[in-house]
Amino acid sequence: MNWNSLGQFLEMGGYGLYVWGSFGMCALVLAAECWGIAQRRKALRELPLDDLDDRNDLNERPLHEA
Amino acid sequence: MSWTRYAAPQLFYPLAGKMIPWFAALALLLTAVGLYLGLLVAPTDHQQGESYRIIFVHVPAAWMSMIIYLAMAFWAAVGLMFNTRLASMLAVALAPSGAWMTFLALWTGALWGKPTWGTWWVWDARLTSELILLFLYIGFMSLHAAIDDERRADRAAAVLALVGVVNVPIIYFSVKWWNTLHQGASVSLSKAPSMATIMLVGMLVMALAFWMYSIAVALARTRVIILEREHNTRWARQLLGTT
């Protein structure tokens, strides 16, 4: 183990801002990406409904024609 | 019935739903191990001090930015050649993930460059070609968004993705072809890695973690895109409860 205390760990030998700025941005971006997909999923129910589209319906047509 | 039946969005949707938890679990597990190795076990670098630890996220993000582009171009090409809707949706789903990975590679690179080189940015071949990669992703997404007809948008964006593929080997070999400030590859298939084993293992575990995360997220986004495009079909209406 390289660290004797939490403070030392956070300090990263004087490079704390750079190291945690990198790891922090990664965590932020990846979390935001997951959140964005969840929001987009929620918005699906609000999509305007048109006529039923059964052109590619696997229950309507044999699969080899689908 | 063969595996190709999963090219039907209606059948791929539940299959992807079953795969996502596995990739997500692998991503979490590998991230935990990778962070433990990278932040707690790996020793201080005798030249760079602790700032080198940025490579545990920088290298995985940079690798994924290129791998995702290749995957995106591959599925775009399949969609273009075989006119398969799902392949085009996969390409469209991969683009935002690739763009974010490219951004992270540039961001973490800048934060590594400042203490190590004394500058956030330099217009050398490696950094410039990686920035072009970001513009290619943004161009792909913008072009796709600008065309109303989804299938036409798929085809136009696919052509752009395929033209842009030429940039990936340029990024990869830039440190060999030109005299760049960016260092050469520390890990390659042709020679022994020029770093301590524990650092290398930590970096590879983090790269695998990013890879598993990217697959899980791309699949989740593909599922949303399938429903967005198919929301007027019988099966999607039943699933969404909008019948």
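## Basis

The model is predicted, so local features need pLDDT of at least 70 and side-chain atom pairs count only at pLDDT 80 or more, while totals for chains, interfaces and linings use all residues. Residues are numbered from 1 along each chain as its sequence is written, and chains are lettered from A and ligands numbered from 1 in the order in which they are written.

## Chain B overall

Chain B has 8 helices and 0 strands; helices (H or I, at least four residues) and strands (E, at least two) are DSSP runs, numbered from the N terminus. The radius of gyration of chain B, taken over C-alpha atoms, is 20 Å, close to the 18 Å that the globule rule gives for 243 residues, so chain B is as compact as a globular protein of that length. That rule is 2.2 Å times the number of residues to the power 0.38. The C-alpha atoms fill a box of roughly 65 × 35 × 30 Å along the principal axes.

Of the 243 residues in chain B, 42% are buried. A residue is buried if 20 or more other C-beta atoms lie within 10 Å of its own, exposed if 12 or fewer, and partly exposed in between, with C-beta atoms placed from the backbone.

Leaving aside neighbours within four places in sequence, A216(B) is in contact (C-beta atoms, placed from the backbone, within 7 Å) with I20(B), F23(B), A24(B) and A27(B).

## Helix α5 of chain B

In α5(B), the buried residues are D154(B), A157(B), A158(B), A161(B) and G164(B). They cover an arc of only 125° around the axis, which puts them on the same side of α5(B); the arc is that of the directions from the helix axis to the C-beta atoms. The buried residues pack against α2 (55-82), α3 (85-117), α4 (125-146) and α6 (167-177) of chain B. Exposed R152(B) and V163(B) sit on the face turned away from the buried side.

## Contact between the chains

Chain A gives 33 residues to the contact and chain B gives 37 residues.

Definitions and conventions. Two residues are in contact if their C-beta atoms, placed from the backbone, lie within 7 Å.
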